[in-house]
Amino acid sequence: MPKTLQAEAARPIPITKNEYLRGTFELSRHLDGFEKPLLSRGEFVLSPQHGLIWKTTIPFPAITVFDEGGIFTIDQNGNRNAMAKGTETRQFVTMISSVLSGNWDSLESDFDATKKDRETTGWHITLTPSANSIVGNQIELITAQGNPFVQEVVITKPSSDHDVITFDGQLIETVPLPSEFNDLFTNGTAE
């Protein structure tokens, strides 16, 4: 059964290791030199034990898996292709998973956080990379807001490009993950 959250939560409730979060997303990527943003839509699954699955359905079907081993794409034949690996990639995967799950505490070593409650029962956080943070090369600023789930994340990059990600239909459920998602983390194939 999906976990019910209190509407008056002033920050997202972090996901525990025996839970996972799922929902839909819309990504609006604003790139310098492009008049209109590039749009994509799909669904995601976030598991503290395994990582993040980003399954794009529009404009083109694609599956990207973010886990402790790196960032991988899964092709139509179920082959797992590495996009990025290494320490910096692991830090990025931890960061994006922490932002989506509302686990701000795990970001303290890399970001300075400014939290505030909004007049309604929502919350807002601004994350600025700390001076010694490796992610500062890739990210200038992250803002997130929501109630009780993360509803919007804006990632601003040093180049002035930025991504606006909105989330909807989010549910926290208990493990085990459905096999269609668990298999993407373990062997790269979905049934």
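Biologist: How many helices and strands are there in the chain?

Modeller: This is a predicted model, in which local features need pLDDT of at least 70 and side-chain atom pairs pLDDT 80 or more, while totals for chains, interfaces and linings use all residues. Residues are numbered from 1 along each chain as its sequence is written, and side-chain values use heavy atoms, leaving out hydrogens and water. Read along the sequence, the pattern is β-β-β-β-β-β-α-β-β-β-β-β-α. With elements taken as DSSP runs numbered from the N terminus (helices, H or I, at least four residues; strands, E, at least two), the chain has 2 helices and 11 strands.

Biologist: Which residue in the turn between S10 and S11 has a positive phi?

Modeller: Strand S10 (residues 150-156) runs antiparallel to S11, with 5 bridges between the two. S10 and S11 form a hairpin with 5 residues between them. In that turn, a positive phi of about 80 degrees belongs to Ser-160.

Biologist: Is Thr-56 buried or exposed?

Modeller: Thr-56 has its place in strand S3, residues 51-58. Its relative accessibility is 13%; with a 1.4 Å probe and protein chains only, buried means under 20%, exposed over 50% and partly exposed in between. Because its value is 13%, Thr-56 counts as buried.

Biologist: Which residues is Thr-56 in contact with, leaving aside its neighbours within four places in sequence?

Modeller: A contact has heavy atoms within 4.5 Å. In the chain, residues 24 or more positions apart account for 45% of the contacts with a separation of 6 or more. Beyond its sequence neighbours, Thr-56 is in contact with Phe-25, Ser-40, Arg-41, Gly-42, Pro-61 and Ala-62.

Biologist: How far apart in space are Trp-104 and Ile-125?

Modeller: Trp-104 lies in the loop between helix H1 (87-101) and strand S7 (111-117). Because its relative accessibility is 4%, Trp-104 counts as buried. Trp-104 and Ile-125 are 21 residues apart in sequence, and the distance in space, C-alpha to C-alpha, is 9.1 Å.

Biologist: Which element gives the most to the lining of the largest pocket?

Modeller: On a 1 Å grid over the protein atoms alone, a pocket is an open set of points where a 1.4 Å probe fits, with protein on both sides within 12 Å along at least five of seven lines; lining residues have an atom within 4 Å of a point. The largest pocket is lined by 27 residues, of which Leu-27, Arg-29, Phe-66, Phe-92 and Asp-163 lie nearest its centre. The elements giving two or more residues to this lining include S1, S3, strand S4 (62-67) and S11. The most, 5 residues, comes from H1.

Biologist: How many residues does H1 supply to the lining of the second largest pocket?

Modeller: The second largest pocket is lined by 20 residues, and Ser-47, Pro-48, Gln-49, Gly-51 and Ser-97 lie nearest its centre. S2, H1 and helix H2 (179-186) each supply at least two residues of this lining. The largest share comes from H1, with 6 residues.

Biologist: What percentage of the residues of the chain count as buried?

Modeller: Thr-56 counts as buried, and Trp-104 also counts as buried. Of the 191 residues of the chain, the share that count as buried is 43%.

Notes
Two strands pair if DSSP finds at least two bridges between them.
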